[in-house]
Amino acid sequence: MKKTLFLMLVSFMISSAVSANTLSAINTYDSGLYPRGIVIADVNGDGKNEVLVANFGEDTLIGQGSDVTPTSSISIFRNGIKDVIAAGNTPRGLAAGDFNNDKITDYAVSNYEDGTVMLFQGSNSETVAVGKYPVGIAIGSIDNEGIKKEDIAVAVYADSKVSVLVRDSKGAVEKVDIAVPGNPTDVAIGRLNNERVILSANYNAATISVIKKQDGVISKAADIPAGLGVCKVKIADVTGDGSEDIVAANFHDNTVSVIEFKNGAAQEQAVYKLNGLRPNGIAVGDINGDGLLDVVTANRDSDTIDILIQKEGRLELSQSIEVTNDENKTYGPVEVAIGDVNADGLPDIAFTHMRTGTLKVIYQEKEIQEQPALIPEMNKTTVFNYPNPAKTETTFRFPLQEKQEVKIAVIDIKGNLVWSRIISEAEAVKGINYITWNLVNDIGQGVSNGVYILKVITKERVISKNIAIVK
């Protein structure tokens, strides 16, 4: 029997979960017709993130086909300014990563109606057929033998399978299909229980499949029970014990499930009741500046997003934000992502709003510290980065008791300078400061897996901390 943690239904902040930073009002940007998928990533190599949105083009629901040619596109937002590029029919899922191993971020989109995945690598693109109604997509390494490359996984709904796209030794794309039960709608790639895995959210089976690559063979290893209509899945440490967990959104239960692994075994799921209806999207990130990973859901049919803050090893519902004043609450927020959108070093919340054809962003803002006595000293405890290990980016956090120039340096284990940044006195904040590093060197190339040394240097002291990069 699953363990359920029922939480009070609220419209605003629960008093026990006080945010260290504040959230802005909702900022709205025109995107395209019926936007669905979203990803935040630096796809042009300038060290700043873009927001990519897949504009599905019509209001077709999962498992349905189209009898018209939809107006489909991908919108790319840089500093709120939109560029539009062509996609296939009904682009649905988006993912970013280094698929061709050139140390530059690529991105991929699943074209639902076409049954294809489009791979965008710099100025080039290629299209691969995967099956009927591909939905969620992920890019990451599934090798457990130390091979440093990334692959693509896509949930193919109508065929009840996960298609894995890998590059062979000649650079050609090969497809491997793995059958899973119950029409998958989403996939995730990451490290779980000390192994690299693919997870699929099996919508009609209420399970999550675990897929592994062992001895060169990709196959399904297990099916884990989840909630009704499990539609989104992530891999992240949301319990604060240093081990990755499974985090899932359950569309019909209006819940979030968290499954921990202990002693190599999946534990009974903890289930958190949401305030919103039909959580169609889920994202994980630190949205209150405490160094712990939190959860945000996009609730399609209540026109809300719910924010669950990690506290003492569990999640607490802290805010339910109504995103429009419309009387019609259906087909609202459908996908959500967390990342630094405005290059201020703080993770923001971005989500697609299907009914209104918009991208909406809630910016995380630095709290102004008015009492100097409350600002901690800079030491090895108060200086850290998160996430650590890092896969795509990491944020450096350090306190300053007075505004001053600060130098940030990342050094490899041989003592070579990899990346650096100088924060001027004008840029620095009296209080907690945040700087995001996109895991590139000073000439914009992605860095390799390994251990690096972070140095935070002020006029008074130098603090050194280790950073682990595991892509």
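This tour moves through the structure one selection at a time and says what can be found at each stop.

Begin by colouring the chain by confidence, since this is a predicted model; its mean pLDDT is 90, and 94% of the residues reach 70 or more. Then select residues 1–19, over which pLDDT stays under 50, although the model has 42 contacts beyond four places in sequence for this stretch. Where pLDDT is low, the predicted coordinates should not be read in detail.

Next, select residues 134–140 and 173–179, which are strands β11 and β14. They belong to an open sheet of 4 strands with the order β11-β12-β13-β14 and antiparallel pairing. β11 and β14 stand at the edges, each with a single partner strand, so one side of each is left without a neighbour in the sheet. The twist averages 20 degrees from one strand to the next. To follow one of the links between them, pick V154, whose bridge partner in β13 is S163.

From there, go to residues 279–285, strand β25, where 6 of the 7 residues are buried, so the strand is largely enclosed by the rest of the structure.

Now turn to the aromatic side chains, of which a search of the whole structure finds 10 pairs. Select F396 and W419, which form a tilted pair with 6.2 Å from centre to centre and 55 degrees between the planes. F396 lies in strand β33 (residues 394–400) and W419 in strand β35 (residues 417–423), so the pair ties together parts that are 23 residues apart in sequence.

Finish with two places where an arginine lies over a ring. Select R36 and F56 to see R36 over the face of F56, at 4.4 Å from the ring centre, and then select R278 and F251, where R278 lies over the face of F251 at 5.6 Å from the ring centre.

Note on methods. Residues are numbered from 1 along each chain as its sequence is written. This is a predicted model: local features need pLDDT of at least 70, side-chain atom pairs count only at pLDDT 80 or more; totals for chains, interfaces and linings use all residues. Side-chain values use heavy atoms; hydrogens and water are left out. pLDDT is the predictor's confidence in each residue, from 0 to 100. Contact means heavy atoms within 4.5 Å. Rings of Phe, Tyr and Trp (its six-membered ring) pair if their centres lie within 6.5 Å; planes under 30 degrees apart count as stacked, over 60 as edge-to-face and the rest as tilted. Helices (H or I, at least four residues) and strands (E, at least two) are DSSP runs, numbered from the N terminus. A charge sits over a ring if NZ of Lys or CZ of Arg is within 6 Å of the ring centre and within 35 degrees of the ring normal. Two strands pair if DSSP finds at least two bridges between them. Axes are lines fitted to C-alpha atoms, for helices over the stretch in contact, and angles run from 0 to 180 degrees between N-to-C directions. Buried means under 20% relative accessible area, exposed over 50%, partly exposed in between (1.4 Å probe, protein chains only).
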